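The entries follow the order in which I looked things up.

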Amino acid sequence: MKLQAASAQEVKRIASGTAVGGIALIAAMFALSRMGIGAFDYRVFTGTIGGCIVAVVNFTLMCMTIQRAVSIGEQKEMKSFIQGSYNGRLLLQAGWIVAAYLMPWFNVFAAAIPLLFPNLMIFYLQARGKLVTPSERKNPPPEEIEDPEDHNGTFEV
């Protein structure tokens, strides 16, 4: 299944935000290691890169699931499909963390933290007003109606 243009654009925005978060994570772990907290070695890089990849793949799978779910006619079947996809994506993340813990060439903290970056990016975009829903695009908010009380009790006729 191919991503629609709007979904592909959102995946690119989430991927770029996740990359920026990964760079910040590497810098933070380096700074912490210089203060004597934790170790900084190649495992931080491999864990961060792997975690960022899993996070972006997870978000892409979510976009593809939503696209496919829209074409399902029955609401109960759609809900079941979305729930199954959610469970699968959650298992993907859990599997990644377990693999990072078991494999010696990944730092487990550097591998797990990037899984939060797509959520943080979505919160950032919402706070900046750069993430609007399709209903907001179609129906722009009405102009604010002036409150007559704002004129210190005087009314214009």
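**Helix packing and a pocket**

I began with H1 and helix H2 (residues 42-70), which pack at about 160° with axes 10 Å apart. Axes here are lines fitted to C-alpha atoms, for helices over the stretch in contact, with angles from 0 to 180 degrees between N-to-C directions. Helices are DSSP runs of H or I with at least four residues, numbered from the N terminus. H1 and H2 are therefore roughly antiparallel (over 145 degrees). Their crossing is right-handed, that is, the near helix is turned clockwise from the far one by less than a right angle.

The model is predicted, so I kept its limits in view: local features need pLDDT of at least 70, side-chain atom pairs count only at pLDDT 80 or more, and totals for chains, interfaces and linings use all residues. Residues are numbered from 1 along each chain as its sequence is written, and side-chain values use heavy atoms, without hydrogens or water.

I then listed the contact (heavy atoms within 4.5 Å). On the H1 side I found, among others, Ser7, Glu10, Ile14, Thr18 and Met29, and on the H2 side residues including Val44, Cys52, Phe59 and Gln67. By class, the contact of H1 with H2 has 13 nonpolar, six polar and one charged residues. Nonpolar covers Ala, Val, Leu, Ile, Met, Phe, Trp, Tyr, Cys and Pro, charged covers Asp, Glu, Lys and Arg, and the others, Gly among them, are polar.

Next I looked at H2 and H3, which pack at about 175° with their axes 10 Å apart. H2 and H3 are therefore roughly antiparallel. H2 brings residues including Gly47, Gly50, Asn58 and Arg68 to this contact, and H3 brings Phe81, Arg89 and Trp96, among others. I count the classes as 10 nonpolar, seven polar and two charged.

For H1 (residues 5-34) and H5 (residues 117-127), I noted axes that come within 9 Å and cross at roughly 115°. That makes H1 roughly perpendicular to H5 (65 to 115 degrees). H1 passes H5 in a right-handed crossing.

Last, which helices each supply at least two residues of the lining of the second largest pocket? I found H2, helix H3 (75-102) and H5. Among the lining residues are Asn58, Phe59, Tyr86, Arg89, Pro118 and Ile122. By class, the lining has eight nonpolar, three polar and one charged residues.

How values were computed: Parallel < 35°, antiparallel > 145°, perpendicular 65-115°, else oblique. 1 Å grid on protein atoms, 1.4 Å probe; cavity = no way out; pocket = protein on both sides within 12 Å on 5 of 7 lines; lining within 4 Å.
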